[in-house]
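Please keep the model open beside you as you read.

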Amino acid sequence: MAQQEDIFKKIVSHSKEYGFVFQSSEIYDGLGAVYDYGQMGVQLKNNIKKYWWDSMVLLHENVVGIDSAIFMHPTIWKASGHVDAFNDPLIDNKDSKKRYRADVLIEEHLAKIDDKINKEVEKAAKRFGEAFDEVQFRETNARVLENQAKRNQIHTRFAQALNDSNLDDLRNIIIDCEIACPISGTRNWTEVRQFNLMFSTEMGSTSDGAMKVYLRPETAQGIFVNYLNVQKTGRMKIPFGIAQIGKAFRNEIVARQFIFRMREFEQMELQFFVAPGEEMKWFEEWKSIRMNWHQALGFGAHKYRFHDHEKLAHYANAATDIEYEMPFGFKEVEGIHSRTDFDLAQHEQFSGKKLQYFDPELGKSYTPYVVETSIGVDRMFLSVMSASYCEEMLEGGESRVVLKLPAALAPVKLAVLPLVKKDGLPEKAREIIDNLKFDFACQYDEKDSIGKRYRRQDAIGTPFCVTIDHQSLEDNTVTIRHRDTMEQERVSIDSLERVISEKTDMKYLLKEIAK
Ligand code: GAP
């Protein structure tokens with residue numbers, strides 16, 4: 001675990017050192033849980049967004065995209081339930097004066113018990129070697145059984161308290177489990193209180209009686225309120241989906257783990273409108289489509305799992321998360337929710353406008369049901385960085401840090417490197433870039449030894465380095481170095497576009513998931 005935490009710290013500092021992610025307002029000592037993407041980060045982020053967007057609107061002829069405004073009529077948030085119910089249960093430690101999410105404290109306590117159990121299993125596995133039967137051990141070992149029973153009991157109480165929104169019970173679990181503040185080490189806790197996560201601001205001048213508006217906490221509502229506009233103008237037939245990528249804002253109290261939990265972040269959301277009664281079928285279908293999208297990146301199926309929700313949000317009749325194994329454990333990257341007709345019905349009620357669909361096949365009108373897939377761009381970014389960051393020992397005692405990014409997502413696709421800064425090699429390199437820059441993000445680098453230049457490209461995840469030497473001037477060939485294997489081959493300059501595009505073009509990734 002300590003080793004994993006170490007890796008996480010390295011990913012954070014690597015992200016800064018190579019221009020992926022900076023703390024916002026850094027020269028003013030930063031702004032909590034707000035981050036800026038640098039010159040490499042923005043390209044990686046744009047590629048992630050393109051992968052998602054194209055997989056939605058190009059691969060599904062019944063999915064279209066929109067881009068709705070961040071400001072919306074404040075009644076939308078009343079209708080959606082966010083004004084009344086978009087809360088976190090908070091608890092303060094009276095000695096350290098630190099504020100925590102009560103549910104997170106309990107989840108972390110449960111994770112500690114899980115760790116204890118797993119350590120016990122690991123120890124036994126080492127002791128017994130090949131003869132070890134993990135299932136039998138878990139079912140019979142006294143210490144494992146004791147811890148498992150303790151965990152199950154806390155877990156049942158916790159799920160119940162969340163479902164009932166019972167704040168006293170949440171506090172009682174914290175007291176009974178003897179959970180202490182990590183800062184003061186004491187168990188001197190306040191009551192648990194609800195805290196609304198929406199940011200608000202004023203629209204218009206105060207002399208006119210300014211209106212309180214919210215910064216949207218999800219992009220989904222911008223889709224719901226445009227449902228009829230898109231359905232009518234796009235002549236969409238149910239089932240169909242509306243996709244959107246955009247910023248969302250939440251006043252997160254427990255804002256930790258780098259870009260995992262931010263106050264300003266970006267979401268990629270799809271609302272898929274279906275006939276009532278069809279939602280479970282589509283829920284399963286979208287679970288599978290989305291898992292496939294993740295796994296096509298090649299990080300390994302074992303790095304992902306579904307996690308069904310303990311507590312269903314006020315709008316859902318089924319919900320699961322796709323979790324990715326970050327260096328700090330399996331964490332939610334995407335939520336898939338069957339939202340029933342809650343949102344459209346609420347907007348019908350609050351706006352007084354009908355948001356119905358006349359189904360020619362059924363010969364009747366209804367309020368559509370919705371299956372949602374909602375993924376955070378920043379969490380996806382973090383999972384991609386975590387999966388790709390790699391420290392390798394090389395022959396001769398050297399080492400390298402390499403980002404083994406999926407080539408289609410890499411910020412720079414190729415670096416063009418003249419072996420020396422003279423004899424016409426830089427000019428030849430520029431000529432190659434001038435030909436390829438319309439298709440690929442290229443970098444030119446002539447500084448330092450070729451080895452150092454390779455390392456710099458490895459560190460930002462560039463899949464190909466193209467080196468120009470004296471032979472290139474004679475026979476129009478170059479060496480192309482592959483990032484992951486470090487193998488080099490001599491190819492003709494004319495074939496570069498094909499060779500690079502075969503590996504880096506998003507089209508091939510999309511073809512993979514369209515199979
Ligand atoms: N429209 C549904 C919705 O917003 P959610 O589970 O609250 O559902 C969806 O959020 C996704 O948005 C999450 O799975 C996560 O990837 C991302 N997300 C949510 N809060 C975030 C935060 N504070 N920082 C970064 N990403 C966040």
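Helices (H or I, at least four residues) and strands (E, at least two) are DSSP runs, numbered from the N terminus. Residues are numbered from 1 along each chain as its sequence is written, and the side-chain values use heavy atoms, with hydrogens and water left out. What you see is a predicted model, in which local features need pLDDT of at least 70 and side-chain atom pairs count only at pLDDT 80 or more, while totals for chains, interfaces and linings use all residues.

Ser 165 is not a glycine, yet its phi is positive, at about 50 degrees. Most residues other than glycine have a negative phi, and most peptide bonds are trans. A cis peptide bond does occur here, between Ile 238 and Pro 239, with omega about 5 degrees. Look for Pro 239 in the loop between helix H10 (227-233) and strand E9 (240-249).

Now on to helix H8 itself, which holds Leu 167. Leaving aside residues up to four places away in sequence, Leu 167 touches Pro 89, Val 192, Arg 193 and Gln 194, where contact means heavy atoms within 4.5 Å. Helix H8 (residues 167-176) also packs against helix H5 (residues 102-128), at an angle of about 40 degrees and with the axes 10 Å apart. Axes here are lines fitted to C-alpha atoms, for helices over the stretch in contact, and angles run from 0 to 180 degrees between N-to-C directions. From H5, Ala 102, Leu 105 and Ile 106 make the contact, and from H8, Leu 170, Ile 173 and Ile 174. By class, that gives six nonpolar, no polar and no charged residues; Ala, Val, Leu, Ile, Met, Phe, Trp, Tyr, Cys and Pro count as nonpolar, Asp, Glu, Lys and Arg as charged, and the others, Gly among them, as polar.

Compare this with another helix pair: the axes of helix H2 (residues 41-58) and helix H11 (residues 279-295) come within 12 Å and cross at roughly 145 degrees. H2 brings Ile 48, Tyr 51, Trp 52, Ser 55 and Met 56 to the contact, and H11 brings Trp 286, Arg 290 and Trp 293. These residues divide into six nonpolar, one polar and one charged.

Which residues come nearest to the ligand? They are Glu 218, Met 262, Glu 269, Glu 332 and Val 333, of the 20 residues around the ligand, counted as near if one of their heavy atoms lies within 4 Å. The shell has five nonpolar, five polar and ten charged residues, and strand E13 gives the most to it, with six residues.

Several polar contacts (pairs of N or O atoms within 3.5 Å) can be picked out here. A polar side-chain atom of Glu 218 is 2.6 Å from a ligand nitrogen atom, and a backbone N or O atom of Met 262 lies 2.8 Å from a nitrogen atom of the ligand. The side chain of Arg 250 places an N or O atom 2.8 Å from a ligand oxygen atom.

Key:
Polar contact = N/O pair within 3.5 Å; in protein donor to acceptor, adjacent residues only side chain to side chain.
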